[in-house]
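Q: I have a model open and want to go through it with someone. Can you take my questions as they come?

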Amino acid sequence: MRTSVTLLQYDHGIVRQVLDVIGELLRSHRTDRHPAEFREAIAFLEQFLDRFHHAKEERFLFEAAALECPKVAETLVRLKKEHDQARRMMMNALKALDEGDVPKAEKEARTLVDHMTLHISEEENQVFPAIENCLQLETDVKVHVQFERFMEEEFGRNYYQVAEAFANDIQERLLGPGFFKGIV
Ligand SMILES: [Fe+2]
Ligand SMILES: [Fe+2]
């Protein structure tokens, strides 16, 4: 087990919860009834997924793993490209919403949900286990310290509480309490 990887998996849990809410909103064709919440959910991902989670992967864990785990180095380059693609999808969706083009925002959001679902499962099932096999324990400690410092400096010490509260709140406001309990 590597603490830095466990923390990224924890982030994935919060990201997935919000992706699922967006996915359900699209599936049930209710985005036009909740444009403000739809925008809030995408704006949250633009911050939590792109500026927080992907930044931690690229700047700290992937950086260290590229040196210690040469087998995954090429995959990490591709995953970084996928982060760039996800960022463009989020920015396009937000821009479309600002311009009142809900169908375009829906299309971008649908692509984002599919893209990120695949990306996260590849990380969880293939890339992270490979990194856990080769990352030195001392490096893991260093990466963990970098994560903590980055969060405190850029997002605040209680960012996890804020992000979790947002994910639960947007789910409850859009889908009702305990929506996914019956499904999973
Ligand atoms: Fe990633
Ligand atoms: Fe990730």
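Predicted model: local features only at pLDDT ≥ 70, side-chain atom pairs only at ≥ 80, totals over all residues.

Q: What is the chain built from, helices or strands?
A: The chain has six helices and zero strands, in the order α-α-α-α-α-α. These are DSSP runs numbered from the N terminus, with helices being H or I of at least four residues and strands E of at least two.

Q: And what is its radius of gyration?
A: The radius of gyration is 17 Å, close to the 16 Å from the globule rule for 184 residues, so the chain is as compact as a globular protein of that length. The radius is taken over C-alpha atoms, and the rule is 2.2 Å times the number of residues to the power 0.38. The C-alpha trace spans about 50 × 35 × 30 Å along its principal axes.

Q: What share of the residues is buried?
A: Buried residues make up 49% of the 184. Buried means under 20% relative accessible area, exposed over 50%, partly exposed in between (1.4 Å probe, protein chains only).

Q: Switching to the metals. Which residues hold ligand 1, the iron ion?
A: Its protein donors are Glu57 (OE), His83 (NE2), His119 (NE2) and Glu123 (OE), at 1.9 to 2.2 Å. Donors are N, O and S atoms within 2.8 Å of the metal (3.2 Å for Na, K and Ca); water is not among the atoms, so sites may look incomplete. Along the chain the spacing is E-x25-H-x35-H-x3-E.

Q: Why is the arrangement around ligand 1 irregular?
A: Because the four donor atoms around that iron ion subtend angles of 85 to 175 degrees. Four donors count as tetrahedral if all angles lie between 85 and 135 degrees; four count as square planar and six as octahedral if opposite donors are over 155 degrees apart and all others between 65 and 115; anything else is irregular.

Q: Which residues are the donors of ligand 2?
A: For that iron ion they are His12 (NE2), His53 (NE2), Glu57 (OE) and Glu123 (OE), lying 2.0 to 2.2 Å away. The angles there run from 83 to 168 degrees, which makes this arrangement irregular.

Q: How far apart are the two iron ions?
A: They are 3.3 Å apart, and Glu57 coordinates both. Glu57 is in helix α2 (residues 35-68) and His83 in helix α3 (residues 73-98), 26 residues apart.

Q: Are His53 and Glu57 buried or exposed?
A: His53 counts as buried at 1% relative accessibility, and Glu57 counts as buried at 0%. Being four residues apart in helix α2, they are separated by about one helical turn.

Q: Last topic: how many aromatic pairs are there?
A: A search of the whole structure finds 12. One of them is Phe44 with Phe166: ring centres 4.6 Å apart and planes at 20 degrees, so the pair is stacked. Rings of Phe, Tyr and Trp (its six-membered ring) pair if their centres lie within 6.5 Å; planes under 30 degrees apart count as stacked, over 60 as edge-to-face and the rest as tilted.

Q: Where do those two sit?
A: Phe44 lies in helix α2 and Phe166 in helix α6 (residues 159-175), so the pair ties together parts 122 residues apart in sequence. Both Phe44 and Phe166 are buried.

Terms used. Residues numbered from 1 in each chain as written. Chains lettered and ligands numbered in written order. Heavy atoms only, no water.
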